[in-house]
Amino acid sequence: MKKTVTALAAGVMLATLSMSAQASDTLIGSCIYKFDDTFMTGVRNNMEKAAADLGAEIELVDSQNRQPAQNDQVDTFITKGVTALIINPVDRSAAGPLVEKAKAENLPIVFVNREPEKSILDGYDKAYYVGARAEESGTIGGQLIVEYFKAHPEADKNGDGVVQYILLKGEQGHQDATLRSEYCVKAMIDGGLKIQAIGEDNANWDKVQGHDKMKNFITSQGIDAIEAVLANNDDMALGAIEALKSEGYNTGKDATKYIPVVGVDATAPALQAIANGQMLGTSLNDAKNQGTAAVRIADVASKGEAVTSESIGYKLTDGKYVWIPYVKVNAENYKDFM
Ligand code: GAL
């Protein structure tokens, strides 16, 4: 089928779309901001699986963290005759031109993970967004710290009644970094903790950067001054744990040398770190349901059918949004996600 679609001139795509009634007529072109991202790799794998389950074809390309490259990839997909696009933008503020490209071809476009401005999505009736509300994961991270300090008053190592914490943030400008940071702080305050940030930096979702930034904070503040670490994702949390381990902390072997660390995503290595007693908790960023929902929308829209909660099997809000909930993960329930 792919060859047939490829051979079609863009001008006759519409006719083809209305004629095509079978799932196998779907050819989804998908750009991922970069393949080298742990959580998005999970989404990507689940998109492939969801497409296979539907008998739809999907082509995934690596935008290598470059928006101009992604724009070219979208042009190539359009020339090729894809029936829908799934885009994980490099720069979510650059989604406008991509929506325009899709609109010019009457092509459905589903954004994932990096949310374009509402006005951009509202400008095209076949533009959608699948994601998770970052406020929820931020709140869960803060609540995990609150619960820990209520159960372990001795974790206030200097006994000053204030939790001195480090915050490792994702990429600047990413809604998940901004909102998770804001809401984890809010949840700690709402939970009755007195808090003080003693270090805060962007580590761009990256384990190595998380490690290096944490090392810097350990050097500048001293390990004894650090009472909690909140990271906007698991890779940065795991990087921070590596830095703590090199100080003899969070090895999972000595309960007196432990600093609570929380992340977001519930990746396999993070679940393992929770199992080993090296990490306090995280939230499930549901790659399976995010990937599946995006592919279902693309498939239904490719066939020219109405995208509704019923047709995609996920609750559709305002005709364009699918929100997948986060789930709190800690030592009590991590096994459910392994
Ligand atoms: C976040 C996720 C991060 C990273 C980022 C990429 O939702 O928590 O680990 O994958 O998306 O945009």
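How far is an oxygen atom of the ligand from an N or O atom in the side chain of Arg180? I read 2.8 Å for that pair. I keep in mind that this is a predicted model.

Asp265 places a polar side-chain atom 2.6 Å from a ligand oxygen. For Asn285, I found a side-chain N or O atom 3.2 Å from an oxygen atom of the ligand. I then checked the ligand's cover: taken alone, the ligand exposes 310 Å², and the protein buries 99% of that.

I listed the shell. The residues around the ligand are Tyr33, Asp37, Phe39, Asn113, Arg114, His174, Asp176, Arg180, Trp205, Asn233, Asp265 and Asn285. Sorted by class, I get five charged, four polar and three nonpolar residues.

Second topic: Asn88. I located Asn88 in the loop that runs between strand S3 (84–87) and helix H5 (95–104). Is Asn88 buried or exposed? Its relative accessible area is 0%, so I call Asn88 buried, the cut-off being under 20%.

I also asked what the side chain of Asn88 reaches. It reaches the backbone oxygen of Val112, at 3.3 Å. Leaving out residues up to four places away in sequence, I noted that Asn88 touches Cys31, Ile32, Tyr33, Met40, Gln70, Val112, Asn113 and Arg114. Among these contacts of Asn88 are Tyr33, Asn113 and Arg114, and I had already written down Tyr33, Asn113 and Arg114 as residues around the ligand.

Methods: Residues are numbered from 1 along each chain as its sequence is written. This is a predicted model: local features need pLDDT of at least 70, side-chain atom pairs count only at pLDDT 80 or more; totals for chains, interfaces and linings use all residues. Side-chain values use heavy atoms; hydrogens and water are left out. A residue is near a molecule or strand if one of its heavy atoms lies within 4 Å of it. A polar contact is a pair of N or O atoms within 3.5 Å; within protein, one must be able to donate a hydrogen and the other to accept it, and residues adjacent in sequence count only if both atoms are side-chain atoms. Accessible areas come from the Shrake-Rupley method with a 1.4 Å probe; for residues, only the protein chains shown count as cover. Ala, Val, Leu, Ile, Met, Phe, Trp, Tyr, Cys and Pro count as nonpolar, Asp, Glu, Lys and Arg as charged, and the others, Gly among them, as polar. Helices (H or I, at least four residues) and strands (E, at least two) are DSSP runs, numbered from the N terminus. Buried means under 20% relative accessible area, exposed over 50%, partly exposed in between (1.4 Å probe, protein chains only). Contact means heavy atoms within 4.5 Å.
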